[in-house]
Amino acid sequence: MTPPGFGARLAEQVSARRSQLVLGLDPDPNRLWPAAAPPGEGAPSAAQAAAGAVLAHCRRVIEAVAEHCVAVKFQVACFERLGAPGWSALAAAADAAREHGLLVIADAKRGDIDVTARAYGEAFFGGSETPFGSVAGLGADALTVNALLGEDSVAPLLDAARAIGAGLFVLVRTSNPGAALIQDRVLDDGGTVSDALAALVRELGGSDPGQAGIADVGAVVGATVPEQLVRLRAAMPAAPLLLPGVGAQGGSISALAPAFAPGPAGGLVAVSRGLVYAFEKAGGEPADAARDEAARLRALAWSLAGAS
């Protein structure tokens, strides 16, 4: 039986949890919550000790804010730098997110062609069949991808995602200051590189997003460039927009109203440091500060979307 599409699953999740807030986790082993992690004494290697501490930190953060979130966005590089133990920690942290009823977004920004793209798809979604048996993938609900290699670099990833009812978020206009150099560059047709990527998102998502009105191919559009939201939303009317950059990067939820044009699930507000390190401004226990800030941001986004 074909699993429900990602767009329908996302819309149902947002409605059920009354939230568009996404917890971003990009753990730094040198900046974990105080007393969040075991000291790692007796671990066979530094990588295993660090990965164990990172996992304990992630579990604490997820537990603190889960009731106010719809998904967790894992910055994959922050786990991969710890080697094989880091990937194991990522898988275990993803399981912790699922235990709290949250969707799992792998923020890996993958992009390649042919056999490599298929391998990425197997790694992040359904897994691989080998002569030695099945090897499970991460089982992510969505993956961020870089489409600058073209449509053929995205198609194998989308096939793997759709096979398990997952989706993709294509980088369209990112939140970093240097993005303007390439993504805002005007092409021969008068549009920008971001416009071309938005057109690809719309094409890949298909003309019929289903009853939920949300496609299974979305876009990453930085909350730091709200002036571009109206144009990009018009170019991708059914795409869910993943909106990083609120808080530490200077983005504001109050400027993101155009993202919610298709409905509450049209925009997902991703916040990382603004939640994890809220205690550094608010004081008190890290978990309490994160929970309070998550509740505030959740209410603001839900109100902005006109949800009831």
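The sulfur of Cys 78 lies 9.2 Å from the closest cysteine sulfur, that of Cys 58, which is too far for a bond. A disulfide requires the two sulfur atoms to be within 2.5 Å. The model is predicted, and it holds zero disulfides.

**Cysteines**
- Cys 69 takes part in no disulfide, and its nearest cysteine sulfur, in Cys 58, is 13 Å away.
- Cys 69 counts as buried because its relative accessibility is 0%, and the cut-off for buried is under 20%.
- Cys 78 also counts as buried, because its relative accessibility is 11%.

**Strand β8: burial**
- Strand β8 spans residues 217–221 and is mostly covered, with five of its five residues buried.
- Val 217, Ala 219 and Val 221 point one way from β8.
- Gly 218 and Val 220 point the other way from β8, and these residues are buried as well.

- Strand β7 (residues 167–173) runs parallel to β8 and is joined to it by five bridges.
- Within this pairing, Val 170 stands opposite Ala 219 of β8.
- Strand β9 (residues 241–243) also pairs with β8 in the parallel sense, over two bridges.
- Here Val 220 stands opposite Leu 242 of β9.
- From β8 the chain passes through helix α9 (residues 229–235) to reach β9, a β-α-β crossover that is right-handed.

How values were computed. Residues are numbered from 1 along each chain as its sequence is written. This is a predicted model: local features need pLDDT of at least 70, side-chain atom pairs count only at pLDDT 80 or more; totals for chains, interfaces and linings use all residues. Side-chain values use heavy atoms; hydrogens and water are left out. Buried means under 20% relative accessible area, exposed over 50%, partly exposed in between (1.4 Å probe, protein chains only). Helices (H or I, at least four residues) and strands (E, at least two) are DSSP runs, numbered from the N terminus. Two strands pair if DSSP finds at least two bridges between them. A crossover is right-handed if, with the strands pointing away from the viewer, the path from the first strand over the helix to the second runs clockwise.
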